[in-house]
Amino acid sequence: LRCCTAASVVTDGGGGGAAAAAAADDERSVYIMRVVQIAVMCVLALTVVFGIFFLGCNLLIKSEGMINFLVKDRRPSKEAEAVVVGPY
């Protein structure tokens, strides 16, 4: 139970196989930690991308609704129709 730090693993000298196994386990845990970090970052990035996409779609739908609302309110006047109908 003396291998608590990296210095004690190097200075022990008696357990060469145990030191190699501890280094392999440490290397494996670092690899697993990196994979977990990459997975979490990918999930967060996808969440942000889809959030921006759906927010943009929602704003687009609302703006189309507002444009249609304004178009219904603006009807051409009767004088404009008379001018268009006149030359024909």
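Tutor: We will go through confidence, secondary structure, an annotated span, aromatic pairs and the surface.

Student: What are the ground rules, and what is the mean confidence of the protein chain?

Tutor: This is a predicted model, in which local features need pLDDT of at least 70 and side-chain atom pairs count only at pLDDT 80 or more, while totals for chains, interfaces and linings use all residues. Residues are numbered from 1 along each chain as its sequence is written, and side-chain values use heavy atoms, leaving out hydrogens and water. Here pLDDT is the predictor's confidence in each residue, from 0 to 100; the protein chain averages 75, with 60% of the residues scoring at least 70.

Student: Which helix has the lowest confidence, and which the highest?

Tutor: Where pLDDT is low, the predicted coordinates should not be read in detail. The lowest mean, 53, belongs to helix H1 (residues 6-12), and the highest, 85, to H2.

Student: How many helices and strands does the protein chain have?

Tutor: Helices (H or I, at least four residues) and strands (E, at least two) are DSSP runs numbered from the N terminus. The protein chain has 3 helices and 0 strands.

Student: Where does UniProt place the transmembrane region?

Tutor: UniProt positions follow the numbering used here, with shortened feature names, and annotations may be inferred rather than shown by experiment. The unreviewed UniProt entry places "transmembrane region" at residues 38-61; that span is 100% helix and 0% strand, and its end C-alpha atoms lie 35 Å apart.

Student: How many aromatic pairs does the structure hold?

Tutor: Rings of Phe, Tyr and Trp (its six-membered ring) pair if their centres lie within 6.5 Å, and planes under 30 degrees apart count as stacked, over 60 as edge-to-face and the rest as tilted. The structure holds 2 such pairs. Phe50 and Phe54 are stacked, at 6.3 Å centre to centre with 25° between the planes; because they are 4 residues apart in helix H2 (residues 16-73), about one helical turn separates them. Phe53 and Phe54 are edge-to-face, at 5.3 Å and 65°, and the ring pairs link Phe50, Phe53 and Phe54 into a cluster.

Student: Is Phe54 buried or exposed?

Tutor: Buried means under 20% relative accessible area, exposed over 50%, and partly exposed in between (1.4 Å probe, protein chains only). Phe54 is exposed at 52%, whereas Phe50 at 47% is partly exposed, as is Phe53 at 48%.

Student: What share of the protein chain's residues is buried?

Tutor: Of its 88 residues, 1% count as buried.
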